[in-house]
Structure formats: C-alpha cells, structure tokens
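Subject: Model handover

Hi,

Here is the structure we talked about. My notes follow below it.

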Amino acid sequence: MSSKTIVMNVDYFDEVSIRPKKEYGPEDVKELVRQCAESGVDMITWRAIGLGVAGYPSKLLQDRETMADADMSSFMHRMAADQQDINPPKPAKPGESFVLNVSQRGNYRKGINEWRHLTTRSLNLMDPIAEARDACRRHGIAFYIWHDFLDERHNLSLARHPEWCVLGRDGKTIFPGLRSYAIEAAVVDQLKVIEELLAYRPDGLYLSTSCHNRHLNFPEPADFFGFEEPIVAACREKLGVDIRNEPFDQDVWHDVKGGFYTEFFRRVKQLAKPIGAKVAIGTQLGPHTILTSPVFSTHVPFRFATQWRKWVDEGIADILILGDYEWPWDANIPIWQAKEMSWPEGTYAADHEWKPYVEYAKGRAQLYWFSSWLSAYAAKHKGASADSLEGAMRLRTNTLAATPVDGICLHEAMTFELEKDGFDTIAEMRGRFPRKAS
C-alpha cells in the first residue's frame, strides 16, 4: 500500500466556540496536537484569521474589541433577514460614517459580540499560533499556517479602503470583503499580513479559498464582479474593447483575473523562500475558482481562471489542495451544476478528477484532497454520500487507496473532538497507509 499524508485542518475560531464556558488555552492546544499525533496525523494547518479578524496578536488586522462597533454597512443589507441587525440606525448622511450601535445589535452583531469575548479570553492566555507550532514541533508534526485570502468580511484595511474591493460592472458596486488582487495597494497590504504570519517560521502556508461572503445575497447577474480598472486595462490591451460596456471574450477576462491571483502567489512564494516555508494553494476543481451566492448555489457572481498548471510549472505551489472548499464526495451539490460538472451515477468527483492533476504534476507538487465538511456527515446532512463520520472517513480512505494522490486534508479538528470515537477514525485511516519517509 502506498504512503499517504494525513493533514488536519484546525480552525482556531471553532475551537474557541465549542468551549463557550471555558477559556481556550495552551493546555487545550497541547491536548489537541497530542491527539492528532497519536492518531497518525502528519501535518496540521492552523487557521490564523477568521473573516479578516486575527486569531493571534496582530499589529495589522481588526481589533476584536472594536468588532461590535465595526462599520458593516457594505454587507449587512446582503445578509439573510434573520441575521440582520434589529432596528439599525438610519442610513448615514453623505460624508458621515455608518457605525451600528452595540445597544441596537441584532442576531449577527450579537454573535460577533459573543465571538469577540471568547477569542479575547483565549488570546489573553496565549498566542495560539506559537503554542500550536511549538506543540507540533515536539510531536514531529509539520506545521502550516492556514490563511483565507478571499475571506475578509471584517478586514480593517478593506473597511478603510473599499476601493480595494472587487468591483461590479457598473463601476460602483463592490463585492464586500473580497479583496482585488489586481490593485497593487491591496496586494501590498495583504503581503504585509503574509510577512506577519511568516514571522512565526511555519513549515508552510496554506492559502485557502474559504469565503464566508458566499453566505451573502448577490442579486446581481452572473459574472457581475471583476471590473476593476487594472483588469479593464489588461482586457483592453488583449481584446481591444472596453469590457464594461462592449461585448467581449469571457474566457480571456477570466484568465486575466486568474493571472493577478497567480502573481500574488508568486510574491507569497518569494517571501516564504528565505525561511524554507512551503506553499499549499487551495485548488477548486474545473477551470475556474468560483464564488457562489447564497452559499453553495448555482449563481456565480464572481469567478477567475484557476491557473494551477502555472503554479506547478513555476514551482509556486508545493502542494495543491484539490477540491478546496468543495464537496468531492457528494454528487448532487449545486456547485457542480454551476460548474457544469457531473460523473457517472454512484461515483464522485474524487473518483475521477484527480487524473489531470496527477498526469500534469508528475510529482512536481504534492496533491492532497480537501475532505469536505466532515461535520456535515456527523450531523447526517441531507443528500450526503455517507450517514456518519465513520462512514465518510472510510469512503475517503477507500478513495485514497484507489487513486494516486498524495494525501488528504481532514476538515476539521472540531469534528473529531465532538465525536466520541472521532480520532479512532483517523487511526483507522492511518492503519491503511504507511507514513511517508521523512
């Protein structure tokens, strides 16, 4: 049996949230890493930032203490009705800032307020990234910092510079919390965060395509977003038209957008090289990385070409996370309809979609599957390919055994902690595959 790498995604913010009556501190981190090590995990990716808010003592990102008073005007009206604030203040007059009052918070603001209390209590006890890194080193587990480069609903810089957000075709509507990697100032700002994370000297970075803004409502037409001036200019040079008001070749447009993401990844790789840190890039299946709305629907307000071949050819990506934040083991999911992807009955994306990556990469980059949300199987979500965590893990184990990929990212640690025998399912998976030689 070939060796496989088992990766555990750890969402610090969920770790805090599942312990509402207890401060999440150093001993909890040590215990989690111990359980991972004993069950056979080779690598941990640790979520550093949630919705643009730091889960570590950052000098650059949103201060948790200001969360409840943050300006949410750009996205609050796009939230589901039961999440919007109750009796919000009247809209601000021109030139005034729109800041919601804590005393008038509704469901969303109440949740944010509770979240800031939990994280503040935890961060008063420790620097979670440093604790997790040191615990991984003691147990011989590779330590990667997980960064959601698309998921910045509460990012302080984007709140101050809405002109850094992805722009609609009308030239005025922004995609809230979605940074444009075509705008140099926005890229430089993000690279400063990357430098702050690399100061922890991790073994690598995991650039994830997680994006909670998919939960917002975008009534705009499909492919409405992605018309920032640098993109318009690049398309004008390639196509000779103004894509804001003339017909154009959308494939060229998607590729132009994808090129800006590739350039960002190049720059991340250059920053990571001096400390020997590797780069894992979330890689959605198919030709495009898409953001659907609401959640995993068929409506695609924004997409870009996934230039994974360039990432491999140029040595930008050491690891591709295949099916990142998708459902590789569920066939009847709207996101596959949005991508016009389907497979023979009784089979899944994971049974088929590894082929082009394996054939092209030829070992130049490691290929790990994203496991999809294993918590959904534990909760027996409708339409699932398995009815339990144990069943889902065995299905994934069988796929790993049958396909020449290098490993899997298990999503996420919280799921295994909440299940009585959760870590036993990892040990069972480990038992099927020898560890890779160090």
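Leu205 stands opposite Val279 in β9. This is a predicted model: local features need pLDDT of at least 70, side-chain atom pairs count only at pLDDT 80 or more, and totals for chains, interfaces and linings use all residues. Residues are numbered from 1 along each chain as its sequence is written, and side-chain values use heavy atoms, with hydrogens and water left out.

**Barrel**

Eight strands close into a barrel, with parallel pairing, in the order β1-β2-β5-β8-β9-β12-β13-β14. Strands are DSSP runs of E with at least two residues, helices are runs of H or I with at least four, and both are numbered from the N terminus. Two strands pair if DSSP finds at least two bridges between them.

β8 and β9 run parallel and are joined by four bridges. β9 also pairs with β12 (residues 319-322), again parallel and over four bridges. There, Ala280 stands opposite Ile319 in β12. Five of the six residues of β9 are buried (under 20% relative accessible area; exposed is over 50%, partly exposed in between; 1.4 Å probe, protein chains only).

β13 (residues 366-373) and β14 (residues 407-411) pair in the parallel sense over four bridges. Trp373 stands opposite His411 in β14.

**Helix on the sheet**

Helix α8 (residues 250-272) packs on the sheet and touches β8 (204-208) and β9 (278-283). Contact means heavy atoms within 4.5 Å. The direction of α8 makes about 155 degrees with that of β9. Axes are lines fitted to C-alpha atoms, for helices over the stretch in contact, and angles run from 0 to 180 degrees between N-to-C directions.

**Rings**

How many aromatic pairs does the count come to? It comes to 36. Rings of Phe, Tyr and Trp (its six-membered ring) pair if their centres lie within 6.5 Å; planes under 30 degrees apart are stacked, over 60 edge-to-face, the rest tilted.

Trp336 and Trp343 are edge-to-face, at 5.2 Å centre to centre and 90 degrees between the planes. Both Trp336 and Trp343 are buried. Phe370 and Trp373 have ring centres 5.4 Å apart and planes at 80 degrees, so this pair is edge-to-face. Phe370 is buried at 0% relative accessibility. Trp373 is buried at 18%.

**Charges over rings**

The charged end of Lys257 sits over the ring of Trp253, 3.3 Å from its centre. The rule: NZ of Lys or CZ of Arg within 6 Å of the ring centre and within 35 degrees of the ring normal.

Best wishes
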